[in-house]
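Please look at the sequence and the structure first, and then read on.

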Amino acid sequence: MQKIKGKEEAKKLEEAIKEAEKRALKMGKEELAKNAWHLGELGIGLNPRAKMSGKLLEDEKLRNTIHIAIGANYDNDAPALNHFDCLILNPTVEVDGEKIMEKGKFLIF
C-alpha cells in the first residue's frame with residue numbers, strides 16, 4: 001500500500017487515489033488500479049519570473065515548487081482512471097535517500 005503524508009489536502013488526495021483504485025478493481029482492471037498510485041509527472045519549478053496565476057501551466061514553473069501528477073501520465077504509458085495534478089510549495093525532495101531540496105531551496109547547487 002502507498003501512503004501520502006501531510007495535512008488536510010494530503011488526506012483528500014490519498015482518498016481520491018484510493019477511490020480511483022477501488023473503481024478500477026470493481027471493473028476488474030488490476031493494472032488501472034495499480035497505476036492509480038503511479039507518479040506520472042514530476043517537475044521542479046525553476047522560473048524566478050513565474051507568478052501564481054491559478055493556471056497550472058504557469059504555476060508549475062514557480063521557483064521553490066514542484067509539480068507532480070499522480071495516475072495516468074501525458075504519454076499514457078501507465079493508464080489509470082485518474083490524473084491528479086498537484087503543486088507543492090516549498091517542498092523537501094529526496095532522491096535515492098539524498099536530500100536535494102529542503103523547504104523549496106536547492107541543496108546541490
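## Histidine 67 and its place in the sheet

Histidine 67 stands opposite leucine 87 in E3, and histidine 67 itself lies in strand E2, which covers residues 65-71. Strands, labelled E, are DSSP runs of at least two residues, numbered from the N terminus. This is a predicted model, in which local features need pLDDT of at least 70 and side-chain atom pairs count only at pLDDT 80 or more, while totals for chains, interfaces and linings use all residues. Residues are numbered from 1 along each chain as its sequence is written, and side-chain values use heavy atoms, with hydrogens and water left out.

## The partners of E2

E2 is joined to strand E3 (residues 83-89) by seven bridges, and these two strands run antiparallel; two strands count as paired if DSSP finds at least two bridges between them. Strand E1 (residues 39-44) is also antiparallel to E2, with five bridges joining them, and here leucine 39 stands opposite isoleucine 70 in E2.

## Burial and contacts

Histidine 67 counts as buried because its relative accessibility is 5%, where buried means under 20% relative accessible area, calculated with a 1.4 Å probe and protein chains only. Seven of the seven residues of E2 are buried, so the strand is described as mostly covered.

The side chain of histidine 67 makes polar contacts with the side chain of aspartate 85 at 2.9 Å and with the side chain of glutamate 41 at 3.3 Å. A polar contact is a pair of N or O atoms within 3.5 Å; within protein, one must be able to donate a hydrogen and the other to accept it, and residues adjacent in sequence count only if both atoms are side-chain atoms.

Terms used:
Helix = DSSP H or I, 4+ residues; strand = E, 2+ residues; numbered from the N terminus. Buried < 20%, exposed > 50% of the residue type's maximum accessible area, 1.4 Å probe, protein only.
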